[in-house]
Amino acid sequence: MKTNKLLTFSTCAILCLALAGNAEAQRKSRAAQPAPVPLEKAVLKGDEKIETPYGVMELQHNYLTDESSQKLFDAMDLQRASQAYMWSTPLVSFVTWREEQNKHYGPNARGTFAVYVSFREKQGIVTANLTTPYFIAFDNLSNGPLYIEYPAGMTAGAAMDFWQRPVCDLGLTGPDRGEGGTYIIVGPEDNPEKYKKKGVYVFQSATNNIMWGFRILDTNPAFKTNFVKALKVSALGGQPVQNKLIEGLDKTWSATAYRGMDYWKALHNVINQEPVREQDKVWMAMIEPLGIVKGKPFSPDARQTKILTEGAALGELMARNLATNPRFMENYWPEKQWHNMIAFSIPQITYNKVELDERTVWFYDAVTSSEGMVNPYIGKGQVYLVAKRDSKGNLFRADKTYRLRVPANVPTAQFWAVDLYSQDTRRHYDNGDPNPKVSSVAINSRMPDIKRNEDGTVDLYIGAKAPEGYESNYMKTVGTDGWFVIFRLYAPLQPYFDKTFVLPDFEELN
């Protein structure tokens, strides 16, 4: 028994010494291995460990280890997903609007218009204005052209493709100049030449899906009834359909672009309805490893789902950052915080580049574009100025109060307006009012009850508390729902363009 105990002790001692020796050998081996080098100092050959934003990547005899290979694939696909979010923002934003409008206002049928008049109805649209009613329809040209006999009168109408580029204007800003006319809108794979004849306006959309509609500017109540009755909508050569207005619903809804996997489902849905433009073929290659392939079902595996979910969030953060800090342009006035939201051209592409960042800034925070929005000139169109910082350069907060002193003579042929939006939804701000009204989130120069100073200036207040006596000039913010405003100039005049007119910044009040 004593011998066995001695042997057992000796065996344990030997094992312990062996383990200690092995541990020491491993320690020396690790110490002998070079530490990871920063990415900018990597030589990319032999045996090397490289620090990257996505972890340490290891080369062995010039090859990436299997573990490092997977890390790089994950990094590459996350980059692609986040960038694809920004590329597809205008497209998915319109898909969201169409799907949510269909859900809340009825089917997407030719001649059927959702009518947005009340505060709740308009609050669903990303950065809508609250001045005139909208009549909105979505259509699809894959089975043939859209034929419109557009009546005369005081209206502003437009059609846009699903990249939110104007196809044509109708009414006062269209080629009929308010006199009425016949329009034929054809799809991207049709031939517009075969439809051209005298007295007919023919336009081609770059997408099968289009959004079109109009705003009625005539204040006579009978005008709407007569206009809708005279409006004829049909397939070419077919009988006009009975127009249908879905109105008076006064319901809460949201067209803010989908988030998470719903975003990618919407993208997959729409690219399968459209031909691929030449400028988008690289993007189609980038999203293919993510499981988004034209002509194939969207069935992402667990890895793809994780990356797509993260990519949508990261892409939105990038878009939000660009919209807050558009690094490709200067503020409109030196030393002021205002910048013009629209910095792209009508086709969103120049001779040298696709205007990716420029259109991301607008289509993350807003929807639609038109000639008058993109290229306003003296007395025509609209200007969209945005502010997200105060006079000291600090980002707006919902728990503080700010004042904007609007100059007495804002250079517009029509009017100016200041609208309050949530930085989260980019829709009109929800400040908890159970019976919301326009003046709680939008103030314009046509309102008779706004308080004016003796010199004609107007002090507007936004924030947590209304200054006494200025309730009519106040818009309330709540909680941590950060906000921004758009200052619109309708029909801007020369002092805006030559910058002799200067809009002051918001000042934080103590």
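## Basis of the description

The model is predicted, so that local features need pLDDT of at least 70 and side-chain atom pairs count only at pLDDT 80 or more, while totals for chains, interfaces and linings use all residues. Residues are numbered from 1 along each chain as its sequence is written, and side-chain values use heavy atoms, with hydrogens and water left out.

## Packing of α2 and α7

Helix α2 (residues 66-105) packs against helix α7 (residues 302-324) at an angle of about 45°, and their axes lie 7 Å apart; helices are DSSP runs of H or I with at least four residues, and strands are runs of E with at least two. The angle makes α2 oblique to α7, a class left over once angles under 35 degrees (roughly parallel), over 145 (roughly antiparallel) and 65 to 115 (roughly perpendicular) are taken out.

In the contact, defined by heavy atoms within 4.5 Å, residues of α2 including F73, L78 and M86 meet residues of α7, among them I307, L314 and L322. By class, the contact of α2 with α7 comprises 11 nonpolar, five polar and five charged residues, where Asp, Glu, Lys and Arg count as charged, Ala, Val, Leu, Ile, Met, Phe, Trp, Tyr, Cys and Pro as nonpolar, and the others, Gly among them, as polar.

In strand β10 (residues 181-186), six of six residues are buried, that is, under 20% relative accessible area, with exposed meaning over 50% and partly exposed in between (1.4 Å probe, protein chains only). G181, Y183 and I185 point one way from β10, whereas T182, I184 and V186 point the other way.

Strand β7 (residues 146-150) pairs with β10 in the antiparallel sense over five bridges, pairing being assigned if DSSP finds at least two bridges between two strands, and Y147 stands opposite I184. Strand β11 (residues 200-204) runs parallel to β10 and is joined to β10 by five bridges, with Y201 as the bridge partner of Y183.

## A four-stranded open sheet

Another part of the model holds an open sheet of four strands in the order β21-β20-β17-β23, with mixed pairing, and its edge strands are β21 (474-476) and β23. Strand β17 (residues 401-406) runs antiparallel to β23 and is joined to β23 by two bridges, with R403 opposite E507.

## Residues with positive phi

L44, although not a glycine, has a positive phi of about 65°; this residue is found in the loop between β1 (37-38) and β2 (48-52) and counts as exposed at 58% relative accessibility. K499, also not a glycine, has a positive phi of about 65° and lies in the loop between α10 (494-497) and β23 (507-508), where K499 is partly exposed with a relative accessible area of 38%.

Key:
Axes fitted to C-alpha atoms, helices over the stretch in contact; angles between N-to-C directions.
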